[in-house]
Amino acid sequence: MRALMMAMMVLMGVATLANAGNFGKYGVSAQVPQGFAIQSPPGNYDGRRFVDRNGAEIRVWGGWRIENITGDESGMRDYYQEIGGVVTYDARGNGWYVLSGYFGQSIFYLRVENGMTCEGEEARASLEFIYPEDSRAAYDPLVGLLAKSLGFGPC
């Protein structure tokens, strides 16, 4: 019932995304749904993590472009496989990719895109959304909104 109520709120526009600003030293930005609490930054201050009371988690971070985006995607596929995940969807374009699938009782969605820091340096922005599979109806509508909000700035 909770999942149905949350899904209805999302579809009716009640669960809106709030501008949560830049996260970390790379200037990566995204909008985060209301009800997600920001957590302490990691020691290297490269991003932020947000959690809600239903077990969903959003991670937003940045990093330097050390390898091409295809190599980055391959490394993330390997990571999900190492933690017992199964990638069931992928997409890519010029300077971005998406991986999505399952691990355990959770769904994951990862979007990674190339961009520039506010100082003009080449960097990569990443957003990972992890949520309970049994709450899919409530969280699936947020995936596209989160993906569209990922970027850099404002500077």
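Author: What follows goes from the strands to the helices and then to the salt bridges. This is a predicted model, in which local features need pLDDT of at least 70 and side-chain atom pairs count only at pLDDT 80 or more, while totals for chains, interfaces and linings use all residues. Residues are numbered from 1 along each chain as its sequence is written, and side-chain values use heavy atoms, with hydrogens and water left out.

The sheet is open and has 7 strands in the order E3-E4-E5-E9-E8-E7-E6, with antiparallel pairing; strands (E, at least two residues) and helices (H or I, at least four) are DSSP runs numbered from the N terminus, and two strands pair if DSSP finds at least two bridges between them. Its edge strands are E3 (37–38) and E6 (86–93), each of which pairs on one side only. Strand E6 is joined to E7 by 7 bridges, and Val-86 stands opposite Tyr-102 in E7. These two strands form a hairpin with 2 residues between them, and Gly-95 in the turn has a positive phi of about 85°. Elsewhere in the sheet, 8 bridges join E5 (residues 57–64) to the antiparallel E9 (residues 122–132), where Trp-64 stands opposite Ala-123.

Helix H2 (residues 69–82) lies across E6, E7, E8 and E9, running at about 5° to E7, where axes are lines fitted to C-alpha atoms, for helices over the stretch in contact, and angles run from 0 to 180 degrees between N-to-C directions. Helix H3 (residues 136–149) packs on the sheet and touches E5, E7, E8 and E9, contact being heavy atoms within 4.5 Å.

Now to the charged pairs: a salt bridge is a side-chain nitrogen of Lys or Arg within 4 Å of a carboxyl oxygen of Asp or Glu, and by this rule the count comes to 10. One of them links Arg-124 and Asp-72 (3.6 Å, N to O); because Arg-124 lies in E9 and Asp-72 in H2, this pair ties together parts that are 52 residues apart in sequence. Both Arg-124 and Asp-72 are buried, a word that means under 20% relative accessible area, with exposed over 50% and partly exposed in between (1.4 Å probe, protein chains only). Another salt bridge joins Arg-92 to Glu-73, with the closest N and O atoms 2.6 Å apart, and here Arg-92 lies in E6 and Glu-73 in H2, so the pair ties together parts 19 residues apart in sequence. Arg-92 is partly exposed at 47% relative accessible area, whereas Glu-73 counts as buried at 7%.
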